[in-house]
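Opening the notebook on a new model today. I want to go through it place by place and jot down what I look up.

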Amino acid sequence: MKVAAVVLAAGSGTRFGGDKARAPLAGKPLWRWSFDALARHPRVDEVGLVVPAAALGDYRREAPEASFVVAGGTDRTASAKIGLDHTPPDCDVVLLHDAARPFPSEAVVDRVIDAALRSGAAAPGLPVTDTVKSLRDGAVRTVEREGLWTVQTPQGFRRGLLVRAYEALQGSATDDLAAAEALGCKPEIVPGNADNLKVTRPEDLEIARRLARSQPAIRTGLGYDVHRFSNDPDRCLVLGGVRFEGSPGLDGHSDADALMHAVTDALLGAASLGDIGQHFPNTDPRWRAEPSETFLARARELLKDSGWSVWNIDVALVAESPKVMPRSAEIRANLARILGIPADRVGLKATTNERLGAIGRGEGIACFAVATIGPIHGG
Ligand code: MG
């Protein structure tokens with residue numbers, strides 16, 4: 001079973017006053033929330049983008065993982081048709097989703113896919129609960145609420161049915177389900193979700209921002225490093241920025257602080273910002289004998305620039321000698337200071353390798369680190 005999704009971001013945003021799909025929402029543009037929600041759905045195989053012609057270059061650069069990025073048409077129907085034309089002919093279900101709906105939940109997407117497979121066409125909807133009035137020519141009338149639903153996206157279709165529906169459609173439709181209805185298909189409305197709101201007016205963006213803040217956005221990163229002991233009697237062992245005088249030092253371009261390197265990599269990894277070798281290549285003479293605090297401090301800055309703050313780190317050091325735990329408080333205080341977090345968010349354990357392997361023979365020291373990060377608040 002193959003599912004292709006299309007995010008429609010080509011709208012002019014007249015009611016919003018500008019290109020709303022590019023409006024920033026908790027560190028990323030609105031369209032990116034919609035795109036990511038579909039891209040990470042386990043049943044969605046690929047996601048394409050239909051965008052304003054004027055912003056085509058920007059979107060192509062910003063969404064290299066999209067299955068396609070194409071310019072939209074003169075109205076929503078035309079844009080949806082263009083998107084549909086770019087989905088693979090062999091896919092079973094096509095999902096069409098408004099870029100302005102940043103929070104389609106996994107459960108809603110699941111229900112739409114299941115119903116589209118069952119009935120050919122489906123959309124999430126909510127029964128109208130407010131009293132509905134009609135205002136025409138100054139006359140107020142109460143509309144019978146019974147049986148009225150508001151309809152959301154993603155709307156899902158068996159691809160062949162949607163192709164036929166658009167071929168048969170005269171003019172344009174306010175949504176894609178209407179095109180399928182015109183073909184005589186009986187679409188299903190499945191339960192939507194109030195959080196799956198559409199950002200139409202600027203004040204909707206404020207609601208979306210509140211919802212974005214409540215989304216769990218925790219990320220975890222893993223770091224590992226190993227350095228062999230040096231034969232150079234002038235090198236001193238440094239772990240977590242703490243000097244172990246009298247212990248043989250580790251070999252390396254910088255101060256070879258394997259502990260600090262593992263933590264740096266865990267942080268960079270959590271934010272998908274590459275690794276320590278990429279940012280501080282050991283071919284660069286600038287980093288020669290550099291205290292590794294520089295790397296960790298820089299990683300913290302890179303995270304901050306990307307909208308992330310450090311929640312906690314945990315470290316497991318593997319060494320036959322020296323005994324590290326008596327210096328644990330100093331190491332944790334160092335890491336906490338550099339990262340700007342309380343020391344109770346820095347875990348440190350040390351173990352031997354039970355004399356197994358190279359580390360067990362005392363040829364070097366290895367270190368594992370895990371970092372948890374979350375979005376900076378107020379951003
Ligand atoms: Mg290293």
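This is a predicted model: local features need pLDDT of at least 70, side-chain atom pairs count only at pLDDT 80 or more; totals for chains, interfaces and linings use all residues.

**Entry 1: burial, and a helix residue**

I start with asparagine 334, which I find in helix H11, residues 328–339. Its relative accessibility is 16%, so asparagine 334 goes down as buried. What does asparagine 334 touch, leaving aside its neighbours within four places in sequence? I get Gly240, Gly241 and Val242.

**Entry 2: valine 6**

Next I went to strand S1, residues 3–8, where valine 6 sits. Valine 6 counts as buried because its relative accessibility is 0%. I then listed its contacts, again skipping neighbours within four places in sequence: Gly48, Val50, Phe68, Gly83, Thr87, Val94, Leu95, Leu96 and His97.

**Entry 3: the magnesium ion**

Which protein atoms are donors of the magnesium ion? I noted OD of Asp225, NE2 of His227 and ND1 of His261, at 2.1 to 2.2 Å from the ion. Written as a sequence pattern, the spacing of the donor residues is D-x1-H-x33-H. I looked up burial for two of these residues, and aspartate 225 and histidine 227 are both buried.

**Entry 4: ring pairs**

How many aromatic pairs turn up in a search of the whole structure? I count seven. For the geometry I write down two things, as a pair of aromatic rings is described by the distance of the centres and the angle of the planes.

I took tryptophan 31 with phenylalanine 35 to begin. Their ring centres are 6.1 Å apart and the planes make an angle of 75°, so I file the pair as edge-to-face. Both residues belong to helix H1, residues 30–39, and because they are four residues apart there, about one helical turn separates them. Tryptophan 31 and phenylalanine 35 are both buried. I also see that ring pairs join Trp31, Phe35 and Tyr59 into a cluster.

Then I turned to phenylalanine 280 and phenylalanine 295. Here the centres are 4.5 Å apart and the planes are at 35°, so this pair is tilted. Phenylalanine 280 is in the loop between helix H9 (276–279) and helix H10 (293–305), while phenylalanine 295 is in helix H10, so the pair ties together parts 15 residues apart in sequence. Both of these phenylalanines are buried.

**Entry 5: charges over rings**

I found lysine 28 with its charged end over the ring of tryptophan 33, at 4.6 Å from the ring centre. Another case is arginine 327, which lies over the face of phenylalanine 244, 5.1 Å from the centre of that ring.

**Entry 6: the largest pocket**

I noted a volume of about 990 Å³ for the largest pocket. It has 32 lining residues, and the closest to its centre are Lys28, Trp33, Ala217, Arg219 and Trp308. Which element gives the most to the lining of the largest pocket? H1 does, with three residues. Elements that each supply at least two lining residues are H1, helix H4 (106–119), helix H7 (202–214) and strand S16 (308–318).

A reminder to myself: most residues other than glycine have a negative phi, and most peptide bonds are trans.

I logged a cis peptide bond from threonine 153 to proline 154, omega near 10°. Proline 154 is in the loop between strand S10 (149–151) and strand S11 (155–158). I logged another cis bond from serine 321 to proline 322, omega near 0°. For proline 322, the place is the loop between S16 and H11.

On to positive phi values. Aspartate 137 has phi near 50°, and I find this residue in the loop between strand S8 (132–136) and strand S9 (139–143). Buried or exposed, I asked of aspartate 137? It is exposed, because its relative accessible area is 84%. Serine 272 has phi near 55° and lies in the loop between helix H8 (258–270) and H9. Serine 272 is exposed too, with a relative accessible area of 60%.

Definitions and conventions:
Residues are numbered from 1 along each chain as its sequence is written. Side-chain values use heavy atoms; hydrogens and water are left out. Buried means under 20% relative accessible area, exposed over 50%, partly exposed in between (1.4 Å probe, protein chains only). Contact means heavy atoms within 4.5 Å. Donors are N, O and S atoms within 2.8 Å of the metal (3.2 Å for Na, K and Ca); water is not among the atoms, so sites may look incomplete. Rings of Phe, Tyr and Trp (its six-membered ring) pair if their centres lie within 6.5 Å; planes under 30 degrees apart count as stacked, over 60 as edge-to-face and the rest as tilted. A charge sits over a ring if NZ of Lys or CZ of Arg is within 6 Å of the ring centre and within 35 degrees of the ring normal. On a 1 Å grid over the protein atoms alone, a cavity is a set of points where a 1.4 Å probe fits but cannot get out, and a pocket is an open set with protein on both sides within 12 Å along at least five of seven lines; lining residues have an atom within 4 Å of a point. Grid points are joined across faces, edges and corners, and a volume is the space filled by probe spheres set on the points.
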